[in-house]
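Thanks for coming, everyone. Let me put the model up, and then I'll walk you through it.

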Amino acid sequence: MTQQSIATSDKLDASVLKVAGVVVLGAIMSILDVTVVSVALPTFQREFDASYADVAWTMTAYTLALATVIPLSGWAADRFGTKRLYMIALALFTIGSGLCANADTIGQLVGYRVLQGLGGGMLLPLGMTIMTRAAGPHRIGRLMAVLGIPMLLGPIGGPILGGWLIDIASWHWIFLINLPIGAVALVYAALALPKDNPEPSESFDFVGMLMLSPGLALFLYGVSSLPDAGTFADPWVWAPMLVGGVLVVAFVRYSFRPRHPLLDLRLFANRNLTVATVTMFVFIIAFMGAGLLFPSYFLQIRGESTLTAGLLMAPQGLGAMVTMPVAGMLADRVPVGRTVPFALVLIALGFFTFTQIDPQTSYVLLCGSLFVMGLGMGGTMMPIMTSALKTLKAHEVARGSTLVNILQQIGGSVGAATMSVILTSEMNGSRQIPGAVGPDGEPLTEAKVAIVVQQQPELAERFPVDPSLLSRGLDFAASSFATTFWVAFALVLLTFIPAAFLPRRREPSHLLDDEQPGQAKAPVIIH
């Protein structure tokens, strides 16, 4: 079956399922690697003797890399062919995984995560293009059901798999596990994917890419340096923030000039797209940023194993599994302005519990709150995306999808950097232990010692520590988490403002207005 051949039956035949198998394997690797690392951040802190703000860059760098290649993948697919590019993306991701497992410093790990993200960011959009071409536009619904499996299981399976691998082996295995999967996927792709003929189309905005990606990275690096520097006056803080800010502003001004810009900001003239995107961006900063801290609380404050922390995160994914299919059906029938606010209420209710946490907060309450947040999450993201793209013309959908996907990744990067900086700054306020210094020569604080002993109880027996000191340190650390969650909670409440302007009545969709007969549109995929 060639790229152009499109079946007419509604049933997914063997040839389509064979192609779908390749794409699902790639999707599993890409999606799992976003969530599997979340339970490893405290382990990275311990192994590399780094702050939370430093290790959070393993997530920030990965999502920034994803954002970089999302627009590049469409242009490169036309230029080099989807099969060849998909196999290159698989190879990049697999090689990046192997390098991550061999990192000796936190800087190396962050660099290798960038390489991994460059491969992972192309897997989903390319995979959807390949599947849509193979199945045809009339079977996109069934196609999404197939790809929906890893998308729904990723948030549940990632933390559990990561926790299990760290517990039975070491942190290296959360990356090494990708090597056999990647090797199988590469061979499978070579045999199963149909050949296609590259047809170079529109030019790619390399100038825009060279301004946006480094600009964001430099700005967030400056923000992340704040806890160690202690002041905005430090050149390591203000200099990268200034350069990064200038590059981002220059990118925004430049983006209105090219015919095919990296991000088509002209689409913000569409009111629905603007309102939905702003709602999503603020929400993602809060939800993704604070989401990294949930497993860390279980690990560092409660002293749980990484596997237990992963299992305790499962209710959130289960909640999303319950409401996501329902929200998908309602999105076509009920205006999102009437459903999303209710989903946001659920998220706010679940979030509030975490603003009250201490070292003894009930697990029943915490897991119940995560489940309620999951219910809200499942009813929020896809309806907002639908609203963002629904009133665009068919020829604008690809650019709108790129814009929404990139802004989602940027929001996740900003959230991870911001929340990790707030938590690190709060932790730095803990009382220092007179005369005590760590292996790096830095003074030890009560919170730092309490967390180390909580994670490694045997140290309390080898080096007796005053129980009252440990209690004070643990209370302070829990309070630092609660303060950070208050910031995230405030951002969730802020999301209600743009959400109030989401459409409250049904509006006609323009997606088919100028679509050519038989033309296959790749559905929108949100990481």
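**One residue, then the whole chain**

Start with Asp475. Asp475 has a relative accessible area of 41%, so it counts as partly exposed; that class lies between buried, under 20%, and exposed, over 50%, with a 1.4 Å probe and protein chains only. Asp475 sits in helix 22, residues 467-499. Asp358 is 117 residues away from Asp475 in sequence, yet their C-alpha atoms are 6.6 Å apart.

A word on the source. This is a predicted model, where local features need pLDDT of at least 70 and side-chain atom pairs count only at pLDDT 80 or more, while totals for chains, interfaces and linings use all residues. Residues are numbered from 1 along each chain as its sequence is written, and side-chain values use heavy atoms, leaving out hydrogens and water.

Now the chain. It has 22 helices and 2 strands. Those are DSSP runs, numbered from the N terminus: H or I for helices, at least four residues, and E for strands, at least two. Of the 527 residues, 54% are buried.

What about the inside? The largest nonpolar core has 129 residues. Such a core is a set of buried Ala, Val, Leu, Ile, Met, Phe, Trp, Tyr and Cys residues joined through side-chain atoms within 4.5 Å. Phe44 and Phe351 have the most contacts inside it. Helix 4, residues 57-80, gives the most to this core: 13 residues. Another core lies apart, with 8 residues, including Ile433 and Leu474.

Back to Phe351. Beyond its neighbours within four places in sequence, its contacts (heavy atoms within 4.5 Å) include Phe287, Met373 and Phe485.
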